[in-house]
Amino acid sequence: MSNEPIRLRLTDARFYMRNVRLRMPFRYGAATLIGYPILHARVSVEMSDGMRAEGVSADCLPPKWFDKSPDKNYEDNIRDMLFAVQAAHDAYLELASEPRTPFELMMDGLSAAMEARAEGGINELTASFGASFFERAAADAVCNALSLSFFEALQSNVLGVEMGAAHSELEGLKPSDVLPSSPLDSLWIRHTVGLSDPILTSEIDQEERLNDGLPQSLEEYIDAQKLRYFKVKVCGDDSVDLPRLQTIAELLDARASGLYVVSLDGNEQYVEAAPFRSLVETLRTKPVFEQFFNSIRYIEQPIHRDAALKPSLAEEMRELSSVKPVIIDESDSGLDTFKQALEIGYRGVSSKNCKGVYKSLLNYALAKRGGHLMTGEDLANAPVVPLHQDCATLAALGISDAERNGHHYLRGLAHLSRSERADCLEAHPRMYAVKGGLPQLNVEGGRIDIRSLQTSGYALGAPVDYRSMTPLDEWTFDSLSL
């Protein structure tokens, strides 16, 4: 493909909320999630040739991830996230006087959104989250207008990506120079083991048994879905973590089919490296953890973001990364953060659409250049828009396994409207299936088939039912009924 980069401007944006209730609590770090809203941004754009198009993006609004301040509750977190979205919206509208490529729009819009942080008292990660809605929706609009898949839009560079504008060492590189020649057909599911998740079926009290036709314990998930990839969270208290990890290790050794792969998620539960290094050393030396430790491919950010990038941490982080590579996640707040982390001793970074699609592409190029890791993570991505667009990004980057934990905290596609469920099943007959009367993500042999995401637009393949949602200006936090 040799399409010239598209130039466009944002002309309108409308926002909708959909409340979601989880089938079981998801505990990560300091937060326990039982429900959340999904925010949808529906944007209209006008191309420089007068063509008009519409695009959409969406994401859940979780507690205690973008901002873990103990002084803020969940309602404060949502208020901050919505402020970030509004600030980015205002910035994108102010840029509408001059058409820009989607990449230029991202660079200018993100910069303006960052400048608005002080007014709302938000951090960089929250500001970049707000801006990410518009870069994703603009990409969807371009793909819709040109009947291209997201992968095709990247390969042809109609999005106008200029890597050197963000990182001088990437000057002259185009997406096609660094991306695989074709998108992935499938993804390995990396099953998240949350801090409150039951490990063994025998641990579940009768009154806590869900009986909703879906697996509940880790043991049941392994048996039902033949899982091989796992993300295991720790809480920072060895007296809690080590017995739990031993139960998990013994289960995986006995039941996970073939060799299994683990990522260990410290979830910012440590303020210094020594206690976490002690945990890792116990896993390395205690015989019961031998296979489990050997199966750990990498460690996800154990140090709290307040300390994670301090130069004084460099020696300890290099030592830890020499045992198992350590990646940054929550600290990846700006376009330059990954490079800063590499200097300190980290060896990789996560890809999450909520941190920015172009950031993932740029970080992928940096990681590939330096022989470092890029991994696929999510917090609670749900069908259709958040999950599909994030999976399409990973498929384009060639990241073959990903944390996909949203599906086992939800009752399949029950949170969607009836028409969306039907349309989703029709458009993605391999990715979803009806099992036990419930339309759900079709995990077979530990994988999901994502070939159908290579459709016109940014991976949706089916219309979004905005009528089934609540316009943002009518939505209230109390409607979550938490």
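Helices α1 (residues 74-94) and α4 (124-146) cross in a right-handed sense; a crossing is called right-handed if the near helix is turned clockwise from the far one by less than a right angle, and left-handed if anticlockwise. The model you are looking at is predicted, so local features need pLDDT of at least 70 and side-chain atom pairs count only at pLDDT 80 or more, while totals for chains, interfaces and linings use all residues. Residues are numbered from 1 along each chain as its sequence is written, and side-chain values use heavy atoms, with hydrogens and water left out.

Let us stay with this first pair. Two packed helices are described by the angle between their axes and the distance between the axes. For α1 and α4, the angle is about 50 degrees and the axes are 7 Å apart. Axes here are lines fitted to C-alpha atoms, for helices over the stretch in contact, and angles run from 0 to 180 degrees between N-to-C directions. Helices (H or I, at least four residues) and strands (E, at least two) are DSSP runs, numbered from the N terminus. The two helices are therefore oblique to each other, given that angles under 35 degrees count as roughly parallel, over 145 as roughly antiparallel, 65 to 115 as roughly perpendicular and the rest as oblique. On the α1 side, the contact (heavy atoms within 4.5 Å) is made by Asp-80, Met-81, Ala-84, Val-85, Ala-88, His-89 and Tyr-92. From α4 come Thr-126, Ala-127, Phe-129, Gly-130, Ala-131, Phe-133, Phe-134 and Glu-135. By class, this makes ten nonpolar, three polar and two charged residues, where Ala, Val, Leu, Ile, Met, Phe, Trp, Tyr, Cys and Pro count as nonpolar, Asp, Glu, Lys and Arg as charged, and the others, Gly among them, as polar.

Helix α1 has another partner to look at. Its axis and that of α2 (residues 102-115) come within 8 Å and cross at roughly 130 degrees, which means that α1 is oblique to α2. This crossing is right-handed. Ala-88, Ala-91 and Tyr-92 of α1 touch Leu-105, Met-106, Gly-109, Ala-112 and Ala-113 of α2. Seven of these contact residues are nonpolar, one is polar and none is charged.

Now for the pockets. On a 1 Å grid over the protein atoms alone, a pocket is an open set of points where a 1.4 Å probe fits, with protein on both sides within 12 Å along at least five of seven lines; lining residues have an atom within 4 Å of a point. Grid points are joined across faces, edges and corners, and a volume is the space filled by probe spheres set on the points. The largest pocket has a volume of about 200 Å³. Its lining includes Arg-23, Met-24, Pro-25, Asp-197 and Gln-216, and the whole lining divides into five nonpolar, two polar and four charged residues.

The second largest pocket holds about 160 Å³ and brings us back to α4, which, like β3 (52-60), supplies at least two lining residues. β3 gives the most, with three. Of the 14 lining residues, Val-56, Asp-140, Asn-144, Leu-460 and Ala-462 lie nearest the centre.

Finally, take a look at the backbone. Most residues other than glycine have a negative phi, and most peptide bonds are trans. Lys-226, in the loop between α7 (218-225) and β5 (229-233), has a positive phi of about 55 degrees. The peptide bond from Pro-383 to Val-384 is cis, with omega near 5 degrees, and Val-384 sits in the loop between β10 (373-376) and α14 (385-397).
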